[in-house]
Amino acid sequence: MALDPTCIFCKIIQGDIPADIVYRDESVVAFNDLNPQAPTHVLVIPTIHTPNASELAKISPTILAAIFSAASSIAGDRGLDGYRTVFNTGESAGQSVFHAHLHLLGGRGLAWPPG
Ligand code: AMP
């Protein structure tokens, strides 16, 4: 699926707006969240535009797996002994950017259940 010129994360992929990119390969880009909720708060996104994780699973389970693999690698590089990975799907779940993205959160204690 092509990139969407109106999508903020597609603009980050293309380098049209700045981001603090921490990892990049053919399938995924990872960058620090602008409004971090933990010492590590990285967003891992596919380099194709798709609105959420469910749609990504239908289009490419391989890229979905690559997102988790990148998150695991980033967490390992940072020596995180525990971390949380979250896909918000839909406005009622808190999704505000409709380009699939995995939140990688760590570096502090994380309560459960989440809010
Ligand atoms: P969500 O609410 O699950 O859709 O998450 C969207 C996330 O994107 C939020 O945590 C925002 O802080 C983050 N965000 C929005 N714009 C940017 C940006 N330009 N660079 C980095 N993070 C961003």
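Helix H1 is the biggest contributor to the shell around the ligand in this predicted model, handing over three residues. H1 and strand E2 are the elements that put two or more residues into that shell. In total, 16 residues surround the ligand, and the closest of them are Asp33, Asn88, Gly94, Ser96 and His103. Sorted by class, the shell comes out as seven nonpolar, eight polar and one charged.

A backbone N or O atom of Ser96 sits 2.6 Å from a ligand oxygen, and a polar backbone atom of Gly94 is 2.7 Å from a ligand oxygen. His103 uses its side chain instead, with an N or O atom 2.8 Å from an oxygen of the ligand. On its own the ligand has 500 Å² of accessible area, and the protein covers 84% of that.

As for where the ligand goes, it takes up the second largest pocket, which has a volume of about 310 Å³. Of the 19 residues lining this pocket, Phe9, Phe31, Asp33, Leu34 and Leu43 come closest to its centre. H1 (8-14) again gives the most, with three lining residues, while strand E2 (28-32) supplies at least two. The lining splits into 10 nonpolar, seven polar and two charged residues.

The largest pocket, then, is another matter, at about 390 Å³. Its lining has 17 residues, with Gln37, Val86, Asn88, His103 and Leu105 closest to the centre. Here strands E4 (83-86) and E5 (102-106) are the elements giving two or more residues. Seven nonpolar, seven polar and three charged residues make up this lining.

Terms used:
Residues numbered from 1 in each chain as written. Predicted model: local features only at pLDDT ≥ 70, side-chain atom pairs only at ≥ 80, totals over all residues. Heavy atoms only, no water. 1 Å grid on protein atoms, 1.4 Å probe; cavity = no way out; pocket = protein on both sides within 12 Å on 5 of 7 lines; lining within 4 Å. Points joined across faces, edges and corners; volume = space filled by probe spheres on them. Helix = DSSP H or I, 4+ residues; strand = E, 2+ residues; numbered from the N terminus. Nonpolar A, V, L, I, M, F, W, Y, C, P; charged D, E, K, R; others polar. Near = heavy atom within 4 Å. Polar contact = N/O pair within 3.5 Å; in protein donor to acceptor, adjacent residues only side chain to side chain. Areas by Shrake-Rupley, 256 points an atom, 1.4 Å probe, with all protein chains shown as cover. Sits in = over half its atoms within 2 Å of the grid points.
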